[in-house]
Amino acid sequence: MTVRAPQRWLPELVSVVQALLVLGPALGPGVVVAYDMPWSPDARWTPFVLGQDTPAPRVVPSDAVMVLLGKVLGAGLAQSIVLVAILVGLALGAVALSDELAPGMGVAGRCACAVAAVWNPFVSERLVIGQWVVVLGLAVLPWALRATLRALGGKGSLYAVGLALLVAGVGGVNTVVIVSLAVIPVVLGAFLTQRSRRATQVLALAVAVTIGASAVWALPSLLAGARVSGESAEAFAPTSDTPLGVWGSLLSGGGFWNGASHPDARGVPLIAVLAALLSVAAVACLAVELRRHRQWLLTVPILVGATLVVLSALPLTRALWTVLVTDVPGGGALRDSQKLLAIWVLGIALGTGLLLDRVLATVPRSLAGPVTVGTIGLILLLSPQMFWGIGGRLDAVRVPEGYRAAAGHLSALPPGEVGLLPWNQYRRYAWNDSRVSLTLGPRVIDQLVLFDDSLPLREQSVAGESPRSARVSARIAGGTTPVAALGAEGVRYLAAELDTGLDLDVEAVRGAGRVVVDDPTLLVVDMGSRDVHPIPAGWAGWVGWLLSALTGVALITWGVVGSVGRRLPTGLLTFRP
């Protein structure tokens, strides 16, 4: 029996243990319903999940893939496995990339790298707000970069590059942007400087897989001419989460635009300063290592990401950034620019491991243990809120059986558009301990659902993509009741979610038609309308799904055929006329 060296298994153990410590109560019975992660307890292929209810789908294909997993494993188990896999994959991906850059790194440095990759404000703030697909992008990033560097150097396969980009495609627009804006600049740099056949192959594959995997959301969005407003670009600009201001916050991986996600610990001056100093030291150490090993290609995506974030945050270039986001087709994908800090956060993790490894090489062996414990302890101290479900803000709950049954009953009724009330896409469900979350309605109701897709912020409301939702909102703003406003839009059913923490005239809903579902959590009324509304995404949505599915099938088939070919006798699959 072969015993694996601690250099291999200890970082893996650390990665698993810390994922369990971070998620904690989120892995309990039920599902986590938090902000942008309203995970459906019932796996249904609703129009919303398939991206057919809007001209610019945002949750595809991620929600559809989760429905598929939910049908196989159950929604709660599927969510737990996905969240654990993302955090473990992120930690081990950072370690794997550090092995590629510095093969001689010791076990202490590798463990510090694994901890720093997960235990940071970027991951914390995105998890709190429910944006697991952004954390997925960060998790795929080191694997994609490692595969790209190995393929360009002739040590790895093209297939690994394609597979990493395909996994990024599962997360949708945010994940694709994070990974592709790191991988493609690396490949372009190699292509322009080497002009080799290998670089050409990697570039062609990276572009093809990125386009194919993105078709499911990009094609309908581009054909619909979806644009975002200038006010929207301003609202999603990076903001300060430390006393050091925006730039000091970004320096250590924070600065997320949503203030509700900011950890209290980041407001402590000492923690803010220590986090900034550690980040600078780590990135400087990484830069020295890249220069020593002539791995300059990895500096390209760091510069690209940093430049875009600076453009969005610097007052002098804010107007230029707004034009890029609002007027360039597809520019809206960059609106939340702080997510582009992912490559910087990965650089901090890599540099932290390298920094500890270099320090340990200079101190007596008797001090190696205390220095290692102190360094990893410092990383944990700088983000103490991450213990046990981000301080309890991530917690699995059981969605009431009555709500689930009512949604199932509505899904089985004759086809008709559903108008969702209260007219606000965020909720504070009483059964969810009044935590803020997106409405579950479109994810559990297998009908076309018309709901308010605008984003309410503290100082303004960011417009959504649905013109019909905008018309309903305009009527309500003009004094029309929500029930009458939805009726004028021709919906057949009114679905009123109760105990959401929002104002709702329940009697007005009851009086709008025939009550067909009456549960303490969900009231449904049939108003009798027979108006037929076209699916907003139309044919472009189905063509996008087809192209993305074909991309996935082609890549997986390539991998299977290649795997079989390697196991057969040499030359068996070679065609000889």
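Trainee: Why does A430 count as partly exposed?

Mentor: The model is predicted; local features need pLDDT of at least 70, side-chain atom pairs count only at pLDDT 80 or more, and totals for chains, interfaces and linings use all residues. Residues are numbered from 1 along each chain as its sequence is written, and side-chain values use heavy atoms, with hydrogens and water left out. A residue is buried under 20% relative accessible area, exposed over 50% and partly exposed in between (1.4 Å probe, protein chains only). A430 has 48% relative accessibility and therefore counts as partly exposed. A430 is found in the loop between strand 5 (426–427) and strand 6 (437–438); helices (H or I, at least four residues) and strands (E, at least two) are DSSP runs, numbered from the N terminus.

Trainee: What makes helix 7 and helix 8 roughly antiparallel?

Mentor: Axes are lines fitted to C-alpha atoms, for helices over the stretch in contact, and angles run from 0 to 180 degrees between N-to-C directions. Angles under 35 degrees count as roughly parallel, over 145 as roughly antiparallel, 65 to 115 as roughly perpendicular and the rest as oblique. Helix 7 (residues 158–170) and helix 8 (residues 173–194) pack at about 155°, with their axes 7 Å apart; the two helices are therefore roughly antiparallel.

Trainee: Which residues of helix 7 and helix 8 meet?

Mentor: L165, A168 and G169 in helix 7 meet T175, V176, V179 and V183 in helix 8, where contact means heavy atoms within 4.5 Å.

Trainee: How do you know that the span of helix 15 agrees with expectation?

Mentor: The expected span is 1.5 Å times one less than the number of residues. For the 19 residues of helix 15 (residues 342–360) this gives 27 Å, and the end C-alpha atoms are 27 Å apart, so the values agree. Helix 15 is also mostly covered, with 16 of its 19 residues buried.

Trainee: What makes strand 7 and strand 11 edge strands?

Mentor: Two strands pair if DSSP finds at least two bridges between them. Five strands form an open sheet in the order 7-4-10-12-11, with mixed pairing. Strand 7 (449–450) and strand 11 (514–518) each have a single partner strand, so one side of each is left without a neighbour in the sheet.

Trainee: In what sense does strand 10 pair with strand 4, and how does strand 10 run relative to strand 12?

Mentor: Strand 4 (residues 418–421) and strand 10 (residues 493–497) pair in the parallel sense over four bridges, with G419 opposite L494. Strand 10 and strand 12 run antiparallel, joined by five bridges, and A495 stands opposite V524 in strand 12.
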